[in-house]
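Biologist: I'm new to looking at protein models. Could you walk me through how to read one?
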Amino acid sequence: MTVQLTTWLEPLTMRWQGLPTRDRRALSVLLVTVGALVLWFGIVNPTLAWRESTQSDLRAAEETYRQLVERAPLALSTANNNTQSPVAGGGSLNAVVRNQANRFGVVIQSFEPDGEHIRVRVDSVRFTSLMHWLGALEAQDIDAAQLTLEATDRAGQVSVQASFSR
């Protein structure tokens, strides 16, 4: 290996020694500059960007955790109150679907009556809230005739398109 390296470096060394002093200095400055740029854009800058990204992810996770801890007592009291489900068939399909959505914090973006069905679109909802909402509707004999879930870019959130009927 050293023989191959020597045979490869020897012509470069001869060429370097043949350059005037001024050219050697200029080439040295150029090589140091290129090395510094490669170091900055190849190692330092990506490392700083990664660090900033992970710190941002950490802040988002801490905020989510804080919200969960804040809302835990409310969720527990709601879960305890949900043991007595409302009477099945109490109210119109439209009213029951909306009331249950409000009860579980599901924000309905569009609500379209379609004959015996009601079509609903929810852009972003926590998956657990969605499951509680669907369970409460099922307890009132409201069936999801069609249900489409899509993941969103936020963790634990889904987008929903559904059609409900009795």
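Predicted model: local features only at pLDDT ≥ 70, side-chain atom pairs only at ≥ 80, totals over all residues.

Biologist: How does Val34 count: buried, exposed or partly exposed?

Modeller: The idea is to look at relative accessible area: under 20% is buried, over 50% is exposed, and partly exposed is in between. Val34 has 41% relative accessibility, so Val34 counts as partly exposed.

Biologist: And what about nonpolar side chains on the inside?

Modeller: In soluble globular proteins, nonpolar side chains tend to be buried together. Here the largest nonpolar core has 21 residues, and Val97, Val120, Trp133 and Phe164 touch the most other members. The elements giving two or more residues to this core are α3 (93–103), β2, α4 (127–139) and β4. Its largest share, 5 residues, comes from α4.

Biologist: Which residues does Trp133 touch?

Modeller: If you don't count residues up to four places away in sequence, Trp133 touches Val97, Gln100, Ala101, Phe104, Val106, Ile108, Val120 and Phe164.

Biologist: Now the strands. Which strands pair with β4?

Modeller: To read pairing, check the partner and the sense. Strand β2 (residues 117–126) pairs with β4 in the antiparallel sense over 7 bridges, with Val120 standing opposite Ala162 in β4. Strand β3 (residues 143–151) also pairs with β4 in the antiparallel sense, over 8 bridges. There, Gln146 has Ser163 of β4 as its bridge partner.

Biologist: How many residues lie between β3 and β4?

Modeller: There are 5 residues between them, and the two strands form a hairpin. In the turn, Gly156 has a positive phi of about 80°.

Biologist: Why is β4 described as largely enclosed by the rest of the structure?

Modeller: Count its buried residues: 8 of the 9 residues of strand β4 (residues 157–165) are buried, so the strand is largely enclosed by the rest of the structure. Take Gln157, which is in strand β4. Its relative accessible area is 13%, so Gln157 is buried.

Biologist: Which residues is Gln157 in contact with?

Modeller: Leaving aside neighbours within four places in sequence, Gln157 is in contact with Ser124, Val125, Arg126, Ala151 and Thr152.

Technical notes: Residues numbered from 1 in each chain as written. Heavy atoms only, no water. Buried < 20%, exposed > 50% of the residue type's maximum accessible area, 1.4 Å probe, protein only. Helix = DSSP H or I, 4+ residues; strand = E, 2+ residues; numbered from the N terminus. Pairing = 2+ DSSP bridges. Core = buried A, V, L, I, M, F, W, Y, C linked by side-chain atoms within 4.5 Å. Contact = heavy atoms within 4.5 Å.
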